[in-house]
Amino acid sequence: MAKIDEQDILKRIQDPQSKRKAFEEIVNVYSRQLYWKIHYVVQNHDDTDDVLQNTFIKAWRGLDNFKGDSAIFTWLYRIAYNESITFLKQKKQMSSIDDEDFVEQASFVADEYFDGDNTQQLLMQAVSTLPAKQRQVFCMKYFEDKKYEEISDLVGTSVGALKASYHIAVEKITTFIKSKE
Amino acid sequence: MSTKNNRILAPEGGRYPFKVSDEYFDNLTARIMEQIDSVEQEVPAKVEEAPAQSAKLFSIHKNRRRNLWFSTISIAASLVLIVTVALKFIPTPSSTPVEQQKAETTVQYTPDNYNEDLMNYTMVDNVDVYYYLASEGDFEE
């Protein structure tokens with residue numbers, strides 16, 4: 001992943017002449033990481049693509065208010081997470097399903113972007129039953145092997161709460177898999 | 001945990017079982033910047049539309065306010081006219097309050113003329129009155 005000089009980017013963002021170019025660099029550097037973070041929540045390529053575009057449009061509109069209080073990726077991640085949750089709520093309203101974290105489990109079978117065997121499909125079905133935030137924490141810890149401190153900086157939750165959340169997620173997944181055996 | 005669970009939830013973590021082509025990411029930045037440019041073009045157009053809309057709203061409010069004034073003035077003028085006409089037709093009391101009270105008493109307790117007028121007006125005669133009083137039990141034959 002390409003590195004970005006945040007101080008330099010911040011300066012260029014404030015200059016109307018260089019603002020667009022600086023933002024293009026941000027999109028180029030962070031879009032791949034953000035894509036997967038959004039995918040953890042919405043678990044579908046087309047939806048992830050929509051949410052990712054909305055995230056960058058929101059970020060562009062709010063760019064003048066970003067003063068560098070947090071890292072650029074943290075700022076983008078929080079916009080992306082909120083957009084993902086908004087998307088899930090809209091999807092829930094459209095499908096009139098009560099559970100806002102509902103993800104159609106059978107969709108993994110037909111998903112051309114799914115690249116796993118039956119066991120991984122079962123795991124993803126179990127992951128899809130978790131609430132959105134817990135799903136994020138589980139995926140970052142389990143699939144990315146991120147440290148709790150890193151996740152804490154990103155999601156703004158204490159390390160203790162994250163450990164508890166991950167532990168509960170593992171228990172839920174275990175119970176789900178047992179029920180399918 | 002069963003063997004299957006141990007295999008699924010490996011302690012070292014696992015691979016996220018989804019893939020996206022590199023081509024998608026190659027074109028992504030360009031697509032997003034295009035989207036942003038089109039959004040930027042939409043915003044000034046909306047800003048230009050805004051004054052026309054507010055002028056229309058202002059015009060609607062102005063007309064409503066003017067209509068309200070006309071209605072209020074019309075109602076007030078009508079009331080003044082009605083009161084003026086009514087005052088002309090109501091006889092002014094010429095007697096003292098004591099005489100006025102006596103006159104009222106006279107009107108109230110002089111049955112002949114008053115009752116006749118009333119019976120003509122209501123189209124009843126003495127027989128009807130008699131039967132009515134009899135049926136109410138106030139009058140015995």
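**Helix packing and the nonpolar core**

Trainee: What is the handedness of the crossing of H2(A) and H4(A)?
Mentor: In this predicted model, two helices of chain A, H2(A) and H4(A), cross each other, and the crossing has a hand. They pack with their axes 10 Å apart and at an angle of about 40°. The hand of the crossing of H2(A) and H4(A) is right-handed.

Trainee: How do the residues of the contact of H2(A) with H4(A) divide into nonpolar, polar and charged?
Mentor: On the side of H2(A), the contact includes Ile26(A), Tyr30(A), Leu34(A) and Ile38(A), while H4(A) brings residues among them Phe73(A), Leu76(A) and Ala80(A). In soluble globular proteins, nonpolar side chains tend to be buried together. For the contact of H2(A) with H4(A), the division is 13 nonpolar, two polar and one charged.

Trainee: At which residue does H2(A) bend, and by how much?
Mentor: One of the residues that H2(A) brings to its contact with H4(A) is Tyr30(A), and just after H2(A), Gln43(A) takes a positive phi of about 55°. The bend within H2(A) is found at Tyr30(A), and its value is about 50°.

Trainee: Which element gives the most to the largest nonpolar core?
Mentor: The largest nonpolar core has 43 residues, and Leu34(A), Ile38(A), Phe56(A) and Leu76(A) are among those with the most contacts inside it. The elements giving two or more residues to this core include helix H3 (45-61) and helix H4 (72-95) of chain A, and also helix H2 (22-89) of chain B. The element that gives the most to this core, with 10 residues, is H2(A).

Trainee: Which residues is Phe56(A) in contact with, leaving aside its neighbours within four places in sequence?
Mentor: Phe56(A) is among the core residues with the most contacts inside the core. Leaving aside the neighbours within four places in sequence, the contacts of Phe56(A) are with Val27(A), Ile32(B) and Ile36(B).

Trainee: Which element gives the most to the side of chain A that touches chain B?
Mentor: Where the chains meet, 31 residues of chain A are in contact with 23 residues of chain B. Two or more residues of that side of chain A come from each of H2, H3, H6, H7 and H9 of chain A. With seven residues, the element that gives the most is H2(A).

Trainee: Is Ile177(A) buried or exposed?
Mentor: Ile177(A) lies in helix H9 of chain A, and Leu122(A), 55 residues away in sequence, is 7.2 Å from Ile177(A) in space, C-alpha to C-alpha. Because Ile177(A) has 21 C-beta neighbours inside 10 Å, where 20 or more are needed, Ile177(A) counts as buried.

Methods
Residues numbered from 1 in each chain as written. Chains lettered and ligands numbered in written order. Predicted model: local features only at pLDDT ≥ 70, side-chain atom pairs only at ≥ 80, totals over all residues. Core = buried A, V, L, I, M, F, W, Y, C linked by C-beta atoms within 7 Å. Buried ≥ 20, exposed ≤ 12 C-beta atoms within 10 Å, placed from the backbone. Helix = DSSP H or I, 4+ residues; strand = E, 2+ residues; numbered from the N terminus. Contact = placed C-beta atoms within 7 Å. Bend = angle between axes of the 7 residues up to and from the residue. Axes fitted to C-alpha atoms, helices over the stretch in contact; angles between N-to-C directions. Left-handed = near helix turned anticlockwise from the far one by under 90°. Nonpolar A, V, L, I, M, F, W, Y, C, P; charged D, E, K, R; others polar.
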